[in-house]
Amino acid sequence: MRKIGIIGTADTSRDQAPWDDPEWELWGTPRDTEGWPHFKLLFEMHDISVVRQQFDAGKYPGYLERLQHIDQPIFMPAQCREVPRSVTYPLDEVTRVGRDYFHGTGAYQLAFAAWQLPHVVGLWGVDLADERYGHQVACANYWLGQLDALGVAIVLPESCPLLKYDPDVVAQGVAEYHPRYPERYGYV
C-alpha cells in the first residue's frame, strides 16, 4: 500500500508527520532545511530566475548552493543546469488528472500525487492558515477533492483547516445576510 506524506513547515502539525515510519514516502521542499534530508522527492516550483533573484539573494541566502548539493530529485518547472538533480515537472501528464489549476507548491504536490494514484495521501505542516497562503486554500481543496474522487484516502491532522467547514468565513460584503452556522452551512 503506497502512502505519500506531503510535509510543509507549519508548526501546528509538522511534528505529527510520520518522520520515522518507513511505510510513508515523504515529499517536501528544499527550503525546508530540517526536513529535506528525509524527503524522497522535493518540489521547487519556482522558476530558476525567481530562485536566484528572490530566494538566494534575500529570503534564503545560500539556497541555490544547497539546491546544487541535494541528492534527491527536485521537481522544477524546467530542468536547469544550475540544479543538477532538477527534473522537469510533468505538467501535461499531471493536468490530465484534473485542471490546470495551481496556486502554490502544495497544489503541484497534490496533483502529482493524484497522477501517481497512491492508496493514501497525508498532509502535515500544510495548513495554509497564514494570510500569506490564504489564496492557496481553494486550490489545495480542489486537488484534495480530486484525490478523494479517485478513491485515495486522505489523512489530515485535526489542526489542519483544509476540507473543513469554517464558520468564521463569510462572503465579504454580505455578512448581514448570513446567519451564523456553527457546524455546517445552512444547518442551525
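Helices (H or I, at least four residues) and strands (E, at least two) are DSSP runs, numbered from the N terminus. This is a predicted model, in which local features need pLDDT of at least 70 and side-chain atom pairs count only at pLDDT 80 or more, while totals for chains, interfaces and linings use all residues. Residues are numbered from 1 along each chain as its sequence is written, and side-chain values use heavy atoms, with hydrogens and water left out.

**Exercise 1. Describe the pairing and the two sides of β2.**

Step 1: Find the partners. Two strands pair if DSSP finds at least two bridges between them. β2 pairs with β1 in the parallel sense over four bridges, and with β3 in the parallel sense over two bridges.

Step 2: Follow one residue across. Trp27 of β2 stands opposite Ile6 and also opposite Leu41 in β3.

Step 3: Sort the side chains. In a regular strand the side chains alternate between the two faces of the sheet. Here Trp24, Leu26 and Gly28 point one way, Glu25 and Trp27 the other, and all are buried.

Step 4: Asp32 sits in the loop between β2 (24-28) and β3 (41-43). Asp32 counts as buried because its relative accessibility is 4%. Beyond residues up to four places away in sequence, Asp32 touches Gly8, Thr9, Arg14 and Phe39.

**Exercise 2. Describe the largest cavity and the largest pocket.**

Step 1: On a 1 Å grid over the protein atoms alone, a cavity is a set of points where a 1.4 Å probe fits but cannot get out, and a pocket is an open set with protein on both sides within 12 Å along at least five of seven lines; lining residues have an atom within 4 Å of a point.

Step 2: Take the cavity. The largest cavity holds about 60 Å³ of space. Its lining includes Ile6, His103, Gly106 and Leu128. Helix α4 (residues 105-116) gives the most to this lining, with three residues.

Step 3: Examine Gly106, which lies in helix α4. Gly106 counts as partly exposed because its relative accessibility is 21%.

Step 4: About 690 Å³ of space lies in the largest pocket. Of its 27 lining residues, Thr9, Arg31, Leu128, Tyr133 and Gln136 are the closest to its centre. The largest share of the lining, four residues, comes from α1.

Key. Points joined across faces, edges and corners; volume = space filled by probe spheres on them. Buried < 20%, exposed > 50% of the residue type's maximum accessible area, 1.4 Å probe, protein only. Contact = heavy atoms within 4.5 Å.
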